[in-house]
Amino acid sequence: MGKYLVIGASGDIGKQITHDLLLKGHEVIAHYNNTDITALQNEFQNEAISFVQFDLSKPLYENPLQNWMTSYLDGMIYAAGTAYYAPIQEVTTEAMDAQYHIHFSNLVKLTQFVLSGMQSNDHGRIVVISSIWGETGSATESIYSGMKAAQIGFIKSIAKELIQTNITANVVTPGVVNGKMTLQLDEEDIQLLLSQLPQQRLISPKEISHAVLYLLDDLSQSITGTVQSVNGGWYI
């Protein structure tokens with residue numbers, strides 16, 4: 001079985017991916033920041049899981065991961081993210097910097113930190129949870145959308161860079177997911193959103209996790225540099 005680092009393991013999607021990896025017998029190093037660590041430990045009691053805490057909204061000048069966490073690593077799933085809504089004229093420098101670090105600069109840094117462990121393992125998977133808005137853009141979410149688009153460009157580029165290794169890099173772009181990020185909207189806004197979706201339903205975190213585990217599979221070795229859209233036909 002493998003060893004996987006899940007960044008953003010306390011969020012709806014990251015937590016589901018963590019559960020599914022453990023269910024398949026893998027070891028997980030789970031990143032979190034503000035979540036109650038006792039609650040996390042209780043939820044994953046007696047599982048092959050370790051926890052690491054650091055704030056992704058700040059630049060990672062030093063590697064926050066211990067050597068054993070990244071040695072002979074099978075993959076990194078980057079599921080961290082937070083929405084940010086504001087008309088472009090109202091975007092603050094502080095908010096823009098936080099979005100940059102959470103979604104892009106620290107993704108790059110963590111990729112640098114884990115690559116040697118995957119190379120020594122002669123096997124590796126990098127999967128980033130981006131967003132439908134990284135593919136098509138969203139009004140009043142220009143900074144979030146821009147950073148999600150940057151994730152896609154970065155992963156496509158390193159997929160080419162790593163093409164002669166056994167390390168693959170792919171992106172999953174969810175549509176509207178049934179989770180905290182969506183449920184913070186008013187009920188009226190959620191119903192309006194549902195009316196615009198072709199399948200008239202929110203996507204479950206389990207569906208996103210399914211796409212991720214597909215990309216982690218040994219038989220997915222030839223799948224690299226792709227964008228796996230999981231949006232119910234909302235954007236094709």
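A salt bridge is taken here as a side-chain nitrogen of Lys or Arg within 4 Å of a carboxyl oxygen of Asp or Glu, and by this rule the count comes to three salt bridges. The model is predicted, so that local features need pLDDT of at least 70 and side-chain atom pairs count only at pLDDT 80 or more, while totals for chains, interfaces and linings use all residues. Residues are numbered from 1 along each chain as its sequence is written, and side-chain values use heavy atoms, with hydrogens and water left out.

**The salt bridges**

Select Glu43 and Lys15, whose side chains meet in a salt bridge with an N to O distance of 3.3 Å. This pair links distant parts of the chain, with Glu43 in helix H2 and Lys15 in helix H1, 28 residues apart; helices (H or I, at least four residues) and strands (E, at least two) are DSSP runs, numbered from the N terminus. Glu43 is partly exposed at 36% relative accessible area, and Lys15 is partly exposed at 23%, where buried means under 20% relative accessible area, exposed over 50%, and partly exposed in between (1.4 Å probe, protein chains only).

Next select Lys206 and Asp20, which form a salt bridge with the closest N and O atoms 2.7 Å apart. Here too the pair links distant parts of the chain, since Lys206 belongs to helix H9 (residues 205–216) and Asp20 to helix H1, 186 residues apart. Lys206 counts as partly exposed at 43% relative accessibility, whereas Asp20 is buried, with a relative accessible area of 8%.

Then move to Glu207 and Arg201, whose side chains meet in a salt bridge at 2.8 Å, N to O. Glu207 counts as partly exposed at 27% relative accessibility, and Arg201 is partly exposed with a relative accessible area of 35%.

**Around His31**

Select Ala9, in the loop between strand E1 (3–7) and helix H1 (12–23), which counts as buried at 4% relative accessibility. Its C-alpha atom is separated by 5.5 Å from that of His31, 22 residues apart along the chain. Not counting residues up to four places away in sequence, Ala9 touches Gly14, Lys15, Thr18, Ala30 and His31, contact meaning heavy atoms within 4.5 Å.

Phe51 counts as partly exposed at 22% relative accessibility, and, leaving aside residues up to four places away in sequence, Phe51 touches residues including Ala30, Tyr32, Ile37 and Met69.

**A buried glutamine**

Go on to Gln99 in helix H4 (residues 93–121), which counts as buried at 4% relative accessibility. Beyond residues up to four places away in sequence, Gln99 touches Thr82, Ala83, Tyr84, Phe104, Ile143, Tyr144 and Met147.

**Two backbone angles**

Most residues other than glycine have a negative phi. Select Asn46, in the loop between helix H2 (37–43) and E3, where phi is positive at about 65° although Asn46 is not a glycine. Asn46 is exposed, with a relative accessible area of 80%. Thr140, which lies in the loop between helix H5 (132–136) and helix H6 (142–161), likewise has a positive phi of about 65° although it is not a glycine, and counts as partly exposed at 43% relative accessibility.

**Last stop**

Finish at Asp186, in the loop between helix H7 (180–183) and helix H8 (187–196), which is exposed with a relative accessible area of 52%.
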